[in-house]
Amino acid sequence: MLLNQDRGQDRRVSRQATQGIMCCMSEAVWHTDVLIAGLGPAGACAASEVARAGWTVIGVDRKAQAGVPVQCAELVPGPIGMEVADVAVAQEQLITSMVTFVEDAEPDTVENFPGHMINRRAFDRHLCMLAEDDGAKCVFGTAIKTVGQNGIVVLSDGTRIVPKIIIGADGPKSVVGDAIGQTNAGLVETRQISVRLNQPHFSTDIFLSAEIPGGYGWLFPKGDVANIGVGVRPEDKRRLKDLLAKLHGSMIVSGRVGGEVQGYTGGPIPVGGMVEPSGMLGKTLVLLAGDAAGLTNPVTGAGINSAVLSGRRAGQYAGEYLAGNEDAADDYLEELEDLFKPALDRALKRRGEVLATYEQGEPTPSDLKRGWIAYSDYWAA
């Protein structure tokens, strides 16, 4: 696994390469092999891969610090441990099962649903530290103002960056993706609160209802805290506050959680499937990763695992392109399709089926079950 390999030689090569960036920091124009927009899991993992291969890399993020504010439900499926060995650095607790509530019926339980609840702030910060340790230059508190059709990027402070490759890992409303005409067509709007959890809990609780169109409600436990949230289609965004208050209130009445809200978060999630993950701006190659590439599952909204996987591949193929592989962008597309397309296609189909029922009225409990991963109908042909 990449994070367990010896870093000594790679660090020396990357740090020597980074000196080429540092020498022009006082100037208004920076030159680099790779510019990475966004330093979440996709961007940070891409930065590590590029730097480890010995290329110069600058990552920029509009956030003042990695992972702040958190805009995530913080659930990571079990398989991510195979890719990021030190996910334990940010782990809050293990998840063992999934409980699904459909309308007012008794819940259904999937006993074997392993996963991790993590602290996204700590996770993002850790991945950025690894990237910097490998030799990447990470710049926070600076947004991308424009991405030119000649591949030159202008930052919010006026700095111009001239890269050979741009990796867009800047989220569902990607500025980089927009520059190459690849934007996420479908979004879900979310709102989430953190509250006290009154007793230990080890399942992810999912709430499906016709009154939550285009999404679902959730309770994800993090030790003595729970993340409670709701996601809906954009046209119902105005209803988020009331839907979340209703869900929270029902849990207060049942004694599961406290009433005091410890924090709020939310934001858009891409649910339209994968966009074309590459393009050209003049002579500059552009690769998209994570949410910017539309790799979030359109049904569950899960995106951390795909961000890590795609970020690593984007960094790998960026390095191959710089080393002379003219087919690197095609190879990247092929690998993303192998990794994600079957699951994304199924989720898009099921999501579309549920949304279509609103044109005739609203979905039945059977419709909702067919549209959720816990039920056999979801996996049927």
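In this predicted model, the lining of the second largest pocket divides into 9 nonpolar, 3 polar and 6 charged residues. The lining comprises 18 residues, and Glu103, Asp104, Phe207, Leu247 and Ser250 are those that lie nearest the centre of the pocket. The space within the second largest pocket amounts to about 470 Å³. Two elements, β13 (203–208) and α5 (240–253), each supply at least two residues of this lining. The largest share, 5 residues, comes from α5.

The composition of the lining is set out below.

| Class of lining residue, second largest pocket | Number |
|---|---|
| Nonpolar | 9 residues |
| Polar | 3 residues |

Helix α6 covers residues 304–322. Helix α6 is mostly covered, with 16 of its 19 residues buried. Just after α6, glycine 324 takes a positive phi of about 115 degrees.

Aromatic side chains also form contacts in the model. A pair of aromatic rings is described by the distance of the centres and the angle of the planes. The count of aromatic pairs comes to 6. Tyr216, Trp218, Phe220 and Trp372 are linked into a cluster by ring pairs. A further contact involves a charge and a ring: the charged end of arginine 233 sits over the ring of tyrosine 358, at 4.9 Å from the ring centre.

Notes
Residues are numbered from 1 along each chain as its sequence is written. This is a predicted model: local features need pLDDT of at least 70, side-chain atom pairs count only at pLDDT 80 or more; totals for chains, interfaces and linings use all residues. Side-chain values use heavy atoms; hydrogens and water are left out. Rings of Phe, Tyr and Trp (its six-membered ring) pair if their centres lie within 6.5 Å; planes under 30 degrees apart count as stacked, over 60 as edge-to-face and the rest as tilted. A charge sits over a ring if NZ of Lys or CZ of Arg is within 6 Å of the ring centre and within 35 degrees of the ring normal. On a 1 Å grid over the protein atoms alone, a cavity is a set of points where a 1.4 Å probe fits but cannot get out, and a pocket is an open set with protein on both sides within 12 Å along at least five of seven lines; lining residues have an atom within 4 Å of a point. Grid points are joined across faces, edges and corners, and a volume is the space filled by probe spheres set on the points. Helices (H or I, at least four residues) and strands (E, at least two) are DSSP runs, numbered from the N terminus. Ala, Val, Leu, Ile, Met, Phe, Trp, Tyr, Cys and Pro count as nonpolar, Asp, Glu, Lys and Arg as charged, and the others, Gly among them, as polar. The expected span of a helix is 1.5 Å times one less than its number of residues. Buried means under 20% relative accessible area, exposed over 50%, partly exposed in between (1.4 Å probe, protein chains only).
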